[in-house]
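Subject: Structure handover

Hi there,

Here is the structure I promised to pass on to you. My notes follow below it, and I hope they are of use when you open the file.

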Amino acid sequence: HSGSRGLGHQVATDYLVKMEEAMARDGIELNDRQLSCARISSEEGQDYLAAMAAAANYAWVNRSCMTYLTRRAFSKVFQKSPEELDMHMVYDVCHNIAKIERHEVD
């Protein structure tokens, strides 16, 4: 993990409280607190999306730094470039993230 254990978790924890307040205001009832939500167009919804995006950016930069430093360490130990060592990015995927999507349905 490169962000979700600390900052990402804190963002989620902070916004659970804010979303519970928004749910009470908007008359939204759920059986599980972990599913707390807010209307996407509400101030809470927009604030959460911004905070989540900041945490995701933080995690992405951390992964980039870890990749760079790992490749550099291997290069130093084996006296070969990362390319010569076949150290290529396989995938870089965020998890526990929301994004707005648009779909066309026939």
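The count of salt bridges comes to 6, taking a salt bridge as a side-chain nitrogen of Lys or Arg within 4 Å of a carboxyl oxygen of Asp or Glu. Please keep in mind that this is a predicted model, in which local features need pLDDT of at least 70 and side-chain atom pairs count only at pLDDT 80 or more, while totals for chains, interfaces and linings use all residues. Residues are numbered from 1 along each chain as its sequence is written, and side-chain values use heavy atoms, with hydrogens and water left out.

One of the salt bridges brings together the side chains of Glu20 and Arg33, at 2.6 Å from N to O. This pair links distant parts of the chain, with Glu20 in helix H1 and Arg33 in the loop between H1 and H2, 13 residues apart. (Helices are DSSP runs of H or I with at least four residues, strands are runs of E with at least two, and both are numbered from the N terminus.) Glu20 is partly exposed at 31% relative accessible area, and Arg33 is partly exposed at 41%. For these labels, buried means under 20% relative accessible area, exposed means over 50%, and partly exposed lies in between, with a 1.4 Å probe and protein chains only.

Through shared partners, salt bridges join Arg25, Asp26, Arg39 and Glu44 into one network. Within it, Asp26 bridges to Arg25 with the closest N and O atoms 3.0 Å apart. Glu44 is buried, with a relative accessible area of 17%, whereas Asp26 is partly exposed at 24%.

Now to the aromatic rings. The whole structure has 2 aromatic pairs. The ring centres of Phe74 and Phe78 are 6.0 Å apart and their planes stand at 35°, so this pair is tilted. The rule behind that covers rings of Phe, Tyr and Trp (its six-membered ring) with centres within 6.5 Å; planes under 30 degrees apart are stacked, over 60 edge-to-face, and the rest tilted. Phe74 and Phe78 are 4 residues apart in helix H2, which means about one helical turn between them. Together with Val77, they make a nonpolar surface patch of about 320 Å². Such patches take residues with over 30% relative accessible area and no salt bridge, joining like charges within 9 Å and nonpolar side chains (Val, Leu, Ile, Met, Phe, Trp, Tyr) within 5 Å; the areas come from the Shrake-Rupley method with a 1.4 Å probe, and for residues only the protein chains shown count as cover.

What does Ser2 touch, leaving aside its neighbours within four places in sequence? The contacts (heavy atoms within 4.5 Å) are Tyr58, Ala59, Asn62, Arg63 and Met66. Ser2 lies in the segment before helix H1 and is buried at 11%. Arg63, in helix H2, is buried at 18% and also touches Asp92 and Cys94.

Gln79 is exposed at 65%, and Asp86 is exposed at 56%.

Best wishes
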